[in-house]
Amino acid sequence: MAGPSLPTPPPVKEPQTVAAKSGTTVDALPVDSLRNILRRLSLADLLRAALACHRWRRVAARCIPRTAPLLGYFFHPTATGLPAPLHSQSKEIDTPAVFAPLDASSPNLSLDFAPGASRYVLHDCHQGLLLLEPFASLPKGTIPRFLVLDPATRRRVLLPPPPRDTVPDDHRWRRSRYYVGSALLSRAHPSKLCFEVVCFAIDGGHPRVWVASVDDGRCSWRAHPRTMELEVDFDPWLFEGRCVHAAGKIYWHICNSYRMLVLDPATLHLSYLLAPAVLSDHFCTYRVGETPEDGRLCLLAVGSRSRQLQLWVRAEARGSDNGWFLEREMLNMRVVWDAVPGLPNDLAHRIFSVWPSDMDAGRTGKVFIRTIGYGRYSLHLDTAKIEPLHTKHGKEYGHPIYAYFLAWPPAFLAPEY
């Protein structure tokens, strides 16, 4: 005889989340709420979130910073030279370029994807690209083969020199040509290796601009007519081969000169820009750059009499000195000299051995201090804090030091052209 049947146990209910009870998910968040959440993410997490779906990508595109993030610095490490006057010149570049991340959250970039890069020297850094020139010496009239690298995407391209028919009657100019330097001119889109390189040479006493246009590996050259209104009445060797990008234009310093060469990237027009007369009269050291706060064109200079570190800004107004205004005197160079270990007290030796070499293009408020035989340093203009710049292997940061910004916006957030 069968026993009594047992009651059927009720089905087990899974615990419900708040979202399930309310019938909502993250996809139901209003755009404003999602934007407020994404704005609180770090840059790296924001870029990861942008890859989640098309909707998040559109919202993330409105949250990214308007300016490219600084990731770190590229430079050639060099051994510290012997103290002056036994070693009057800084050592030649003896190490391939390396990358120093800005902080622990920055990616640790490398040039190991381009094995031949060790035979090249860093010459410019702009819009996420590096421009390198051959280390080996070439005849003065030869425009070199440029190596262009994108460390973030690990892509590279080697540019051929201009064909001989790029300039009509080129054999006439080749005998007097003096190649000076090059620069990265522009970049079309971060998802492609499309960019332009500009270089200039002196043909018959007048500068001529050359432009290489690269579209995913295909390179074409064009040469502009000589700039006849500019006369190079000095040894072209006095031009600095590397450039400075500042306030939308490209500048080349001229050693012991009261003027610098300026290229307008939009028109490819070359002109001279005069330094303040008070500096040029005494051949003071000055370097062009951008103000850290708002990116205005500025000059960093050391007064020949006061020995004050000065910041001049460009402003065309009454009372200016060749279009420059002295915005502030920041500190006396004696503060810098006293902070350099081992530097003798002799004033002439100090002036000769220590000088500001560049504004930090990363706009961190720092300037780089270069020495002959006493190391490399950074100086913060507001706090006067001086820090040595050396690698973990005991070498110092070589000259120049290039601030590296990510190509911006990232390819997946950039509009297609």
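R119 touches E133, P134 and F135, leaving aside residues up to four places away in sequence; contact here means heavy atoms within 4.5 Å. R119 sits in the loop between β3 (98-101) and β4. Helices (H or I, at least four residues) and strands (E, at least two) are DSSP runs, numbered from the N terminus. At 57% relative accessibility, R119 counts as exposed. The cut-offs are under 20% relative accessible area for buried, over 50% for exposed, and partly exposed in between, with a 1.4 Å probe and protein chains only. From R119 to L132 is 9.3 Å, C-alpha to C-alpha, and the two are 13 residues apart in sequence.

A word on the source. This is a predicted model, in which local features need pLDDT of at least 70 and side-chain atom pairs count only at pLDDT 80 or more, while totals for chains, interfaces and linings use all residues. Residues are numbered from 1 along each chain as its sequence is written, and side-chain values use heavy atoms, with hydrogens and water left out.

Now the chain as a whole. It has 8 helices and 25 strands. Of its 417 residues, 48% are buried. Among contacts with a separation of 6 or more, 51% are between residues 24 or more positions apart.

Beyond four places in sequence, the contacts of L149 include L111, F113, L130, L132 and R155.

On to the second largest pocket. A pocket is found on a 1 Å grid over the protein atoms alone: a cavity is a set of points where a 1.4 Å probe fits but cannot get out, and a pocket is an open set with protein on both sides within 12 Å along at least five of seven lines; lining residues have an atom within 4 Å of a point. The second largest pocket holds about 1,000 Å³ of space. Grid points are joined across faces, edges and corners, and the volume is the space filled by probe spheres set on the points. Its lining has 44 residues, with H126, Q127, H245, A361 and F405 nearest the centre. Among the elements that give two or more residues to this lining are β4 (120-126), β8 (178-189) and β25 (402-405). Sorted by class, the lining has 27 nonpolar, 9 polar and 8 charged residues. Ala, Val, Leu, Ile, Met, Phe, Trp, Tyr, Cys and Pro count as nonpolar, Asp, Glu, Lys and Arg as charged, and the others, Gly among them, as polar.

Last, some backbone points. Which bond joins H399 and P400? It is a cis peptide bond, with omega about 0°. P400 is in the loop between β24 (396-397) and β25. D169, not a glycine, has a positive phi of about 55°. D169 is in the loop between β7 (155-159) and α5 (170-174), and is partly exposed at 39% relative accessible area.
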